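Welcome, and please have your viewer ready. We will take a short tour, one selection at a time.

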Amino acid sequence: MGPPGAGKGTQAKILSDKYNLVHLSTGDILRTEIANQTNIGLDAKNYMDQGLLVPDEVLLSMMENTLTNLKESGIILDGFPRTIPQAEGLDAIFKKLGLNIDMVINISVDKEILINRLIKRAEDSGRSDDTKEVIVNRQNVYLELTAPLLEFYKNEVINVDGDGTIEEVTQRVLAAIQ
Ligand code: AMP
């Protein structure tokens, strides 16, 4: 977990390589759906372009299918769940599949640093949701809808300081996991 720009995707990829986990980024899955012009993609694009969350029902049915196919694997979830209803839905899916959450890693970074990082990323990513207005929207959506999950997962969550180089943050994440 962590706000947009905290480095979730980067760290999730490093962890998935190191521990041989399947890396599931809902943002990447949705961007693939958009590129393939599927119904999910066409529906999701409007929300994503404005920095808003795609509706919970869409995410939950998409993730139920994906997780059902992957239930034999170790998984790192990146960018999901992002709301309390998604976390409750994930609990129900996990119960049904006999899976459980081992740990929740939260990467925290100051808002000013995040906005600067995202503006910099916008220069080379070409992502259509990396404009200044949308970046600010995404931070506000995070604070309102996603940050309450820290309380929801208070028994599982490990906090890691995300201010530093990629390598520094990776070392902190690995130390926290140990
Ligand atoms: P990300 O790549 O994780 O920053 O996600 C990019 C965008 O995809 C977000 O701003 C949302 O519009 C959408 N998205 C990704 N994951 C979710 C989710 N769990 N719930 C709702 N929308 C999501």
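**Starting at the ligand**

Select Arg 138 together with the ligand: an N or O atom in the side chain of Arg 138 is 2.8 Å from an oxygen atom of the ligand, a polar contact (a pair of N or O atoms within 3.5 Å). Taken alone, the ligand exposes 480 Å², and the protein buries 96% of that (accessible areas by the Shrake-Rupley method with a 1.4 Å probe).

A word on what is on screen: this is a predicted model, in which local features need pLDDT of at least 70 and side-chain atom pairs count only at pLDDT 80 or more, while totals for chains, interfaces and linings use all residues. Residues are numbered from 1 along each chain as its sequence is written, and side-chain values use heavy atoms, with hydrogens and water left out.

Next, pick Gln 86, where an N or O atom of the side chain is 2.9 Å from a nitrogen atom of the ligand. Then turn to Gly 79: here a backbone N or O atom lies 2.9 Å from a ligand nitrogen atom.

Now show the whole shell, 16 residues with Thr 26 and Leu 52 among the closest (a heavy atom within 4 Å of the ligand). Helix α2, residues 26-35, gives the most to this shell, with four residues (helices are DSSP runs of H or I, at least four residues; strands are runs of E, at least two).

**On to the strands**

Select residues 104-108, strand β3: four of its five residues are buried (under 20% relative accessible area, 1.4 Å probe, protein chains only). Finish on Ser 108, which stands opposite Asp 161 in β4.

Conventions. Buried < 20%, exposed > 50% of the residue type's maximum accessible area, 1.4 Å probe, protein only. Pairing = 2+ DSSP bridges. Polar contact = N/O pair within 3.5 Å; in protein donor to acceptor, adjacent residues only side chain to side chain.
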